[in-house]
Amino acid sequence: MKTDSAVRLRGVRFGYRPDRPVLAVDALDVAPGERVFIEGESGSGKSTLLGLVGGILVASEGEVRVFGQSMTKLSGLRRDRLRADQVGFVFQMFNLLPYLSVVDNVVLPCRFSARRAREALDRSPSLREEALRLLARLGLGDGTIHHRSVTELSIGQQQRVAVARALIGAPALVIADEPTSALDTRARARFVDLLIAEATASQSAVLFASHDRALASRFDRALSMSALNTAAVETTAEV
């Protein structure tokens with residue numbers, strides 16, 4: 001999908017009460033293939049911002065565009081389709097399915113998107129083999145875990161399964177919400193390097209949110225939620 005921007009926000013406001021926005025972003029642009037780090041503490045609006053970009057939330061004001069498509073104007077069904085085809089999402093709580101094996105969790109996006117299935121099959125002879133390749137790249141090459149339920153894995157292992165699921169099928173945008181929170185410092189840096197390497201190979205843009213400023217140097221650009229989210233400033237001014 002050829003556009004000048006992967007993500008474009010203008011005058012975006014979101015709140016659970018109309019008179020009190022929790023997020024207000026005047027402008028944000030992410031270029032295709034660009035890797036952007038967003039730093040912010042808990043409660044700063046990181047997850048809300050990523051939810052708006054991914055079409056899980058809908059802005060009450062302004063415009064959110066993803067690859068030229070207006071997430072504020074698309075129907076829920078069309079937002080779901082765009083997300084399935086174009087977005088790999090690493091959720092803060094992983095959202096892995098406990099009744100599926102590790103491999104089946106990774107392959108799942110290809111069951112909902114023919115485009116991502118084709119992309120995966122361009123890289124490996126089968127969806128299973130592509131899932132195994134990604135798992136091995138992320139340090140889960142031990143074949144004894146591939147058929148286990150994800151509930152049998154450690155938190156750090158579950159985290160890497162969630163990332164492999166997000167990366168399969170070369171989505172044009174990878175959104176990651178605190179994906180390294182369960183890893184130690186050394187594993188965290190290696191994990192981010194692998195994520196960026198896979199995204200670079202797929203020419204995927206990355207929007208990565210974390211409270212860990214030490215990871216920022218690995219990205220093309222770093223932004224702060226304290227600068228992006230003017231709702232916090234507006235709330236302080238009211239007080």
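## The sheet

Strands E4 (residues 61-66) and E5 run antiparallel and are joined by 2 bridges. Two strands pair if DSSP finds at least two bridges between them. Strands (E, at least two residues) and helices (H or I, at least four) are DSSP runs, numbered from the N terminus. Across from Gln69 in E5 stands Val66.

This is a predicted model, where local features need pLDDT of at least 70, side-chain atom pairs count only at pLDDT 80 or more, and totals for chains, interfaces and linings use all residues. Residues are numbered from 1 along each chain as its sequence is written, and side-chain values use heavy atoms, with hydrogens and water left out.

The open sheet has 4 strands, in the order E2-E1-E4-E5, with antiparallel pairing. Which strands stand at the edges? They are E2 (23-30) and E5 (69-70). Each has a single partner strand, so one side of each is left without a neighbour in the sheet.

## A helix across the strands

Helix H1 (residues 46-53) lies across E1, E2 and E4. H1 runs at about 120° to E1. Such angles run from 0 to 180 degrees between N-to-C directions, and axes are lines fitted to C-alpha atoms, for helices over the stretch in contact. Contact means heavy atoms within 4.5 Å.

## Arg13

Arg13 lies in strand E1 (residues 7-14). Is Arg13 buried or exposed? Its relative accessibility is 18%, so Arg13 counts as buried. Buried means under 20% relative accessible area, exposed over 50%, and partly exposed in between (1.4 Å probe, protein chains only).

## Aromatic pairs

The structure holds 5 aromatic pairs. One of them is Phe37 with Phe208: stacked, 6.0 Å centre to centre, with 20° between the planes. Phe37 lies in strand E3 (residues 35-39) and Phe208 in strand E8 (residues 205-210), so the pair ties together parts that are 171 residues apart in sequence. Rings of Phe, Tyr and Trp (its six-membered ring) pair if their centres lie within 6.5 Å; planes under 30 degrees apart count as stacked, over 60 as edge-to-face and the rest as tilted.

Phe208 is buried, at 0% relative accessible area. The ring centres of Phe208 and Phe219 are 5.0 Å apart and the planes stand at 50°, so this pair is tilted. Ring pairs link Phe37, Phe208 and Phe219 into a cluster.
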